[in-house]
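Have the structure open while you read.

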Amino acid sequence: MTKTVIFDVGGKKYKVARTLLEAHPNSMLATMASERWQKDTHQTEGLFLERDCARFGLCLDYMRDGRVYLPLAVSKLALLLDLQYYGIDVDVAAIHLEDSSAVATMIFEQRRKVNANLQKKLDAAKKSIDDAKKSVERGEKMVKFYQFLKNCYDYYSREASSSGSTLYHYRVRGEFEHEMVEHRTEQKLHKIFTEVGLKVTIVNPCYCFIESMDNMVRRTDEELEELREEFYFKCGNNCDFTW
């Protein structure tokens, strides 16, 4: 069975074969593992070294193989200082950096992953902004629909003839200047007219034809205000709604 020695390097324990230490008899590690240093030390606790634990593993690689390949994150100078501290004879030419093409590939892959993650976050942020804009646009459109309904309702209540219909010049400067022709076929617009018992036919950018439906409901200002508040609640506080 291979005899081992435990080193506690910066809080991390390494179990090292005595044969490896004996191959470097002049090193500080071999001296520490000798009987005269260990006579008062419990083997299970390990021989403590206040050094970098990651580089200690690379020092063992050098002791074992006579050469070592450094990962990108490890400084060659720092490893040389460690080897000197441990009293290990070192051939500087035997300490190699990772293959440059491999390093370049690794860096490229790391950057690709970072860029991919960043792009995902940017796409998610853009979608949230777009969704918010669409929500506001939908709200603004419905505000315009209800303003149009209120104007038509008020005009019809005042001006409708006994025939139950009237032609309304709705696009009056200073009162209601929205272009409604583009919305003439939208179901949501006609649905809110149906709720107050009216039917609207938008003729052109200035005129619409308003007529009563059989189930027309005459609503008070308070009832119309309730309709407005119900709409405002559905759209949220982003909608600036006034009659």
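Keep in mind that this is a predicted model. Let's begin with a sheet: 3 strands make up an open one, ordered E2-E1-E3, with mixed pairing. E2 and E3 are the edge strands, each pairing on one side only. On average, and ignoring direction, neighbouring strands here are turned by 30 degrees against each other.

Within that sheet, E1 and E2 run antiparallel and are joined by 6 bridges.

**The cores**

What sits in the largest nonpolar core? This core has 29 residues, and those with the most contacts inside it are Phe 7, Leu 21, Leu 29, Leu 49, Phe 56, Leu 79 and Tyr 86. Several elements each supply at least two of its residues, including strand E1 (4-9), strand E2 (12-17), helix H1 (18-22) and helix H4 (53-65). H4 gives the most, with 6 residues. As a general matter, nonpolar side chains in soluble globular proteins tend to be buried together.

Leu 21 is a handy place to look around. Setting aside its neighbours within four places in sequence, Leu 21 is in contact with Val 5, Phe 7, Val 16, Leu 29, Ala 30, Ala 33 and Met 63. There's also a second, separate core of 22 residues, with Met 142, Tyr 146, Cys 208 and Ile 210 among them.

**Strands around E8**

Leu 167 stands opposite Phe 209 in E8. Strand E7 (residues 198-202) is also antiparallel to E8, again with 5 bridges joining them, and Val 200 stands opposite Ile 210 of E8. A hairpin through 4 residues takes you from E7 to E8.

**Cysteines**

How many disulfides does a search of the whole structure find? The count is 0. Cys 208 is in no disulfide, and the nearest cysteine sulfur, that of Cys 152, is 4.0 Å away. Is Cys 208 buried or exposed? Cys 208 is buried, since its relative accessible area is 0%. Cys 206, on the other hand, counts as partly exposed because its relative accessibility is 30%.

**Charged pairs**

The structure holds 10 salt bridges.

| Pair | N to O distance |
|---|---|
| Asp 61 and Arg 64 | 2.9 Å |
| Glu 109 and Arg 112 | 2.6 Å |
| Asp 130 and Lys 126 | 3.0 Å |

Asp 61 and Arg 64 both lie in H4, 3 residues apart, or about one turn of the helix. Asp 61 is partly exposed at 28% relative accessibility, and Arg 64 is partly exposed at 49%.

Why are Glu 109 and Arg 112 separated by about one helical turn? It's because they are 3 residues apart in helix H6 (residues 100-159). Both partners are partly exposed, with relative accessible areas of 28% for Glu 109 and 41% for Arg 112. Asp 130 and Lys 126 are also in H6, 4 residues apart, so about one helical turn separates them. Asp 130 counts as partly exposed at 26%.

Finally, Arg 51, Arg 55 and Asp 82 are linked in a network of salt bridges.

Note on methods: Residues numbered from 1 in each chain as written. Predicted model: local features only at pLDDT ≥ 70, side-chain atom pairs only at ≥ 80, totals over all residues. Heavy atoms only, no water. Core = buried A, V, L, I, M, F, W, Y, C linked by side-chain atoms within 4.5 Å. Buried < 20%, exposed > 50% of the residue type's maximum accessible area, 1.4 Å probe, protein only. Contact = heavy atoms within 4.5 Å. Pairing = 2+ DSSP bridges. Axes fitted to C-alpha atoms, helices over the stretch in contact; angles between N-to-C directions. Disulfide = S-S within 2.5 Å. Salt bridge = Lys/Arg side-chain N within 4 Å of Asp/Glu carboxyl O.
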